[in-house]
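Student: Could we go through this model together, taking one feature at a time and learning how to read each of them?

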Amino acid sequence: MSGLRAERVRRAVGGALVLDGVTLTPRPGEVTGLLGPNGSGKSTLLRVLAGVLAPDAGVVTLDDRPLSEAGRRAVARRVAVVEQQADTQVALTIVDVVRLGRIPHRRAWTPATPDDEQAVRTALTRTGLADKANRPWHSLSGGERQRVHIARALAQAPRELLLDEPTNHLDIHHQLALMSLVTELKVTTVVALHDLNLAAMYCDQLAVLKQGRVVAAGTPREVLTETLVADVYGVRATITEEAPDGRPHIRFLGPV
Ligand SMILES: Nc1ncnc2c1ncn2[C@@H]1O[C@H](COP(=O)(O)OP(=O)(O)OP(=O)(O)O)[C@@H](O)[C@H]1O
């Protein structure tokens, strides 16, 4: 089966079992939302899918081949990752940071090709950063930095995109713009989200983690039920299905 897949993955962090038998099969070209309360294992699962952390048991495969055998460079050409609170230390401009996305595609010691520069320009335009390309990183707001990291991931031209709470720091316009962009890309995407309504609006599939296990998976309509929100998040909610496409809308009423 093509694409990225986690199968019965277990992983302990700092002595505690954080992922306990997680299987995730993101559908090619679709957006899979990863939900779950704080500490449920979302970031850890994304790091295991990215090959940054190795599973203790189980396997992550890319086109049926274990990630551990694929080689870092081959993985970097395919899989782009935007981590939470990704920071960049050095004195770079926006366009410099976005150019970092091209590194996996370039041969050592060769200058950027016109294709590299075109990919960088397109990524800047799609994230609304084209007119800010030469701004220094340190002068950017939290939301602008977040968008630069998304642009860097797009410049990488990945087939798989892993995003850890990418709408953190973003105002409502940029949250919606980012999620629209991600759905338009037709790149296989796994995105950790806290906002259940955003997940319901934009994701094709959802997987819900609780204490390191997948407790629900399917379409937003299948997954987002009042019972699930109460069980997993400890919150009372009423859920309606909104026209025209019948996606669920969650109205939170309070803690259980
Ligand atoms: N370096 C570490 N040492 C000890 N425990 C860790 C470490 N990193 C993560 N954990 C623990 O692993 C669990 C899962 O963390 P993870 O960051 O994957 O959760 P998450 O679902 O992404 O949470 P959040 O929604 O808060 O970002 C948490 O209980 C966390 O405290």
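Student: Which handedness does the crossing of α5 and α6 have?

Tutor: Two packed helices are described by the angle between their axes and the distance between the axes. A crossing is left-handed if the near helix is turned anticlockwise from the far one by less than a right angle, and right-handed if clockwise; the crossing of α5 and α6 is right-handed. This is a predicted model, in which local features need pLDDT of at least 70 and side-chain atom pairs count only at pLDDT 80 or more, while totals for chains, interfaces and linings use all residues. Residues are numbered from 1 along each chain as its sequence is written.

Student: At what angle do the axes of α5 and α6 cross?

Tutor: The axes of α5 (residues 114-126) and α6 (residues 142-155) cross at roughly 140° and come within 8 Å. Axes are lines fitted to C-alpha atoms, for helices over the stretch in contact, and angles run from 0 to 180 degrees between N-to-C directions. Angles under 35 degrees count as roughly parallel, over 145 as roughly antiparallel, 65 to 115 as roughly perpendicular and the rest as oblique; α5 and α6 are therefore oblique to each other. Helices (H or I, at least four residues) and strands (E, at least two) are DSSP runs, numbered from the N terminus.

Student: Which residues make the contact of α5 with α6?

Tutor: With contact meaning that C-beta atoms, placed from the backbone, lie within 7 Å, α5 contributes A119, V120, A123, L124 and R126, and α6 contributes A151, L154 and A155. These residues divide into seven nonpolar, no polar and one charged, where Ala, Val, Leu, Ile, Met, Phe, Trp, Tyr, Cys and Pro count as nonpolar, Asp, Glu, Lys and Arg as charged, and the others, Gly among them, as polar.

Student: In what order do the six strands of the open sheet with mixed pairing lie?

Tutor: Two strands pair if DSSP finds at least two bridges between them, and here the order is β6-β7-β8-β3-β9-β10. At the edges stand β6 (79-82) and β10 (213-218), each with a single partner strand, so one side of each is left without a neighbour in the sheet. Neighbouring strands of this sheet are turned by 15° against each other on average, direction ignored. The pairing of β6 with β7 (residues 160-164) is parallel, over four bridges, whereas β9 and β10 pair in the antiparallel sense over five bridges. The latter two form a hairpin with two residues between them, and Q211 in the turn has a positive phi of about 45°.

Student: In the open sheet of four strands, what is the order?

Tutor: That order is β2-β1-β4-β5, with antiparallel pairing. Here β2 (16-24) and β5 (65-66) are the edge strands, each with a single partner, so one side of each lacks a neighbour in the sheet. Six bridges join β1 (residues 4-13) to β2, and α1 packs on this sheet, touching β1, β2 and β4 (57-62), with its direction at about 120° to that of β1.

Student: How many of the eight residues of α1 are buried?

Tutor: A residue is buried if 20 or more other C-beta atoms lie within 10 Å of its own, exposed if 12 or fewer, and partly exposed in between, with C-beta atoms placed from the backbone. By this criterion six of the eight residues of α1 are buried, namely K42, T44, L45, L46, V48 and L49. Just after α1, G51 takes a positive phi of about 80°.

Terms used. Contact = placed C-beta atoms within 7 Å.
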